[in-house]
Amino acid sequence: MRLRVEFTTEPFDLDEAPTHAVVAREVIQGAELDAVDVGPFGNTAEGGADEVLTAVDSLLRQALASGATRVSLQVNVIDEEIR
């Protein structure tokens, strides 16, 4: 099974990326995922179910430990035949 995760961390800072946002992006970029897209208002990544779920666990733990007060995420199952 393949999954897509989309996430944002808060609080926002329009002048400089907060530590929790940088940490969350580093977790996703360092995970064994593909189709990673990071941006100022949202981030998306795709991969196998085990890899995505492992990355989400690490993302939540590290972002919250780095000052995030809210992490919004959505996980979708991707139909491999549509890709």
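**Figure 1. Confidence along the predicted protein chain.** In this predicted model, confidence is lowest in strand β2 (residues 34–38), with a mean pLDDT of 89, and highest in helix α2 (residues 49–65), at 97. The pLDDT is the predictor's confidence in each residue, on a scale from 0 to 100. Helices (H or I, at least four residues) and strands (E, at least two) are DSSP runs, numbered from the N terminus. The protein chain has an average pLDDT of 91, and 95% of the residues score at least 70. Residues are numbered from 1 along each chain as its sequence is written, and side-chain values use heavy atoms, without hydrogens and water. Local features need a pLDDT of at least 70 and side-chain atom pairs count only at 80 or more, whereas totals for chains, interfaces and linings use all residues.

**Figure 2. The nonpolar core.** The largest nonpolar core has 16 residues, and those with the most contacts inside it are I28, L33 and V52. β1, α1 and α2 each supply at least two residues of this core. Its largest share, six residues, comes from α2. Such a core is a set of buried Ala, Val, Leu, Ile, Met, Phe, Trp, Tyr and Cys residues joined through side-chain atoms within 4.5 Å. Buried means under 20% relative accessible area, exposed over 50%, and partly exposed in between (1.4 Å probe, protein chains only).

**Figure 3. R2 and its polar contact.** R2 belongs to strand β1 (residues 2–10). With a relative accessible area of 13%, R2 is buried. Its side chain makes a polar contact with the side chain of E46 at 3.4 Å. A polar contact is a pair of N or O atoms within 3.5 Å; within protein, one must be able to donate a hydrogen and the other to accept it, and residues adjacent in sequence count only if both atoms are side-chain atoms.

**Figure 4. L14 in the loop between β1 and α1.** L14 is located in the loop between β1 and α1 (19–30). L14 counts as exposed because its relative accessible area is 74%.

Figure 5. Most residues other than glycine have a negative phi, and most peptide bonds are trans. E10 and P11 are joined by a cis peptide bond, with omega at about 10 degrees. P11 lies in the loop between β1 and α1. A35, in strand β2, has a positive phi, near 55 degrees, although A35 is not glycine. A35 is partly exposed, at 46% relative accessibility.
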